[in-house]
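Here is a report on a single model. Look over the sequence and the coordinates before reading on.

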Amino acid sequence: MKLSSRAYELYQVFGQSGCPVCRLVEQSVHAFIEGLMYEYVNEPATHFAVRDARGFCTTHAWHALEQINASALGIALLYEGVVRHLLEDMGKVEPDGGRRQIAQAAQALASRGPCPICTHRDSTETHLLRNLLEHLAQDDFAAAFGASEGLCLPHLRQALQVNVPIRAKTHLLALQQTIWRRLQRDLAEFVRKSDYQFADEALGEEADSPRRAIQSLAGAKGLR
Ligand SMILES: [Zn+2]
Ligand SMILES: [Zn+2]
């Protein structure tokens with residue numbers, strides 16, 4: 001099997017729970033935010049992007065505050081600039097000011113660019129999906145994907161937008177359908193065994209099917 005480094009990363013997480021793309025994107029986003037907090041915090045380009053976005057989006061702002069160790073100084077450095085520019089662009093609003101002051105303030109409150117962490121997430125997703133699609137022609141890789149929990153619905157939708165040959169997309173869809181048929185059968189079995197008449201039957205493969213169903217249809221928690 002000949003795999004790119006991204007495809008190899010995917011191959012390694014096929015055996016783990018949940019959507020493999022979600023799993024790798026989560027790791028990549030976390031590392032990216034850590035980088036923003038520690039290493040690149042003094043780089044003007046990052047400051048500009050964060051200012052233009054008027055801070056990180058809600059998901060990523062809370063991620064930075066709550067899941068990155070000792071992020072307080074990094075946040076203070078970035079957000080001092082965000083708040084300073086917000087105030088400058090709003091202009092001084094007088095308590096008895098007029099319509100024009102409201103208009104200027106309203107314009108200043110709008111974001112002028114995307115959250116830089118969302119941008120990183122989007123490009124990582126596209127890159128991973130492209131690598132997944134491009135390697136399905138290799139039997140071992142396709143078989144390992146087929147045995148995984150498959151892509152989540154948001155990532156499957158996104159995969160169909162990637163610019164690759166049609167054959168790669170139909171192959172992906174066929175594999176995903178097999179995965180979802182397995183899921184559907186397990187869910188039905190879970191429901192059947194929940195009936196008191198069958199309560200003495202031990203749970204098998206279907207035991208974690210409710211968790212798989214949520215992960216498969218919604219994608220990983222906190223990714224968007
Ligand atoms: Zn996913
Ligand atoms: Zn974001």
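## Model and conventions

This is a predicted model: local features need pLDDT of at least 70, side-chain atom pairs count only at pLDDT 80 or more, and totals for chains, interfaces and linings use all residues. Residues are numbered from 1 along each chain as its sequence is written, while chains are lettered from A and ligands numbered from 1 in the order in which they are written.

## Overall build

The chain has 11 helices and 0 strands. Helices (H or I, at least four residues) and strands (E, at least two) are DSSP runs, numbered from the N terminus. Along the sequence the pattern reads α-α-α-α-α-α-α-α-α-α-α.

The radius of gyration is 23 Å, whereas a compact globule of 224 residues would have one near 17 Å. That radius is taken over C-alpha atoms, and the globule rule is 2.2 Å times the number of residues to the power 0.38. Along the principal axes, the C-alpha atoms fill a box of roughly 70 × 50 × 35 Å.

Of the 224 residues, 25% count as buried. A residue is buried if 20 or more other C-beta atoms lie within 10 Å of its own, exposed if 12 or fewer, and partly exposed in between, with C-beta atoms placed from the backbone. Among contacts with a separation of 6 or more, 77% join residues 24 or more positions apart. A contact means that two C-beta atoms, placed from the backbone, lie within 7 Å.

## Helix α2

Helix α2 covers residues 20–38, which is 19 residues. From first C-alpha to last it reaches 27 Å, close to the 27 Å expected at 1.5 Å a residue. The expected span is 1.5 Å times one less than the number of residues.

The buried residues of α2 are Pro20, Val21, Cys22, Arg23, Leu24, Val25, Glu26, Val29, Ile33, Leu36 and Met37. They pack against α1 (5–13), α3 (44–52), α4 (58–67), α5 (72–90), α7 (116–135) and α9 (153–159).

## The α2–α7 pair

Two packed helices are described by the angle between their axes and the distance between the axes. For α2 and α7 the angle is about 145 degrees and the axes are 10 Å apart. Axes are lines fitted to C-alpha atoms, for helices over the stretch in contact, and angles run from 0 to 180 degrees between N-to-C directions.

The contact is made by Val21, Leu24, Val25, Ser28, Val29, Phe32 and Ile33 of α2 and by Ile117, His120, Arg121, Thr124, Glu125, Leu128 and Leu129 of α7. Leaving aside neighbours within four places in sequence, Val25 is in contact with Arg121, Thr124, Glu125, Leu128 and Leu223.

## Nonpolar core

The largest nonpolar core has 32 residues, and Val21, Val25 and Leu128 have the most contacts inside it. Such a core is a set of buried Ala, Val, Leu, Ile, Met, Phe, Trp, Tyr and Cys residues joined through C-beta atoms within 7 Å. The elements giving two or more residues to this core are α1, α2, α3, α7 and α8 (139–146). Helix α2 supplies the largest share, 8 residues.

In α3, Ala49, Val50 and Arg51 are buried. Their cover includes α5 and α7.

Phe56 sits in the loop between α3 and α4. Phe56 counts as buried because 24 other C-beta atoms lie within 10 Å. Not counting residues up to four places away in sequence, Phe56 touches Val50, Ala61, Ala64, Cys115 and Ile117. Phe56 and Pro114 are 58 residues apart in sequence, yet 8.4 Å apart in space, C-alpha to C-alpha.

## Other loop residues

Most residues other than glycine have a negative phi. Arg54, not a glycine, has a positive phi of about 60 degrees. Arg54 lies in the loop between α3 and α4. With 19 C-beta neighbours inside 10 Å, Arg54 counts as partly exposed.

Ala70 also has a positive phi, near 50 degrees. Ala70 is in the loop between α4 and α5. Ala70 is exposed, with 8 other C-beta atoms within 10 Å.

Gln138 is in the loop between α7 and α8. Gln138 counts as partly exposed, with 15 C-beta neighbours inside 10 Å. The C-alpha atoms of Gln138 and Arg192 are separated by 38 Å, at 54 residues apart along the chain.
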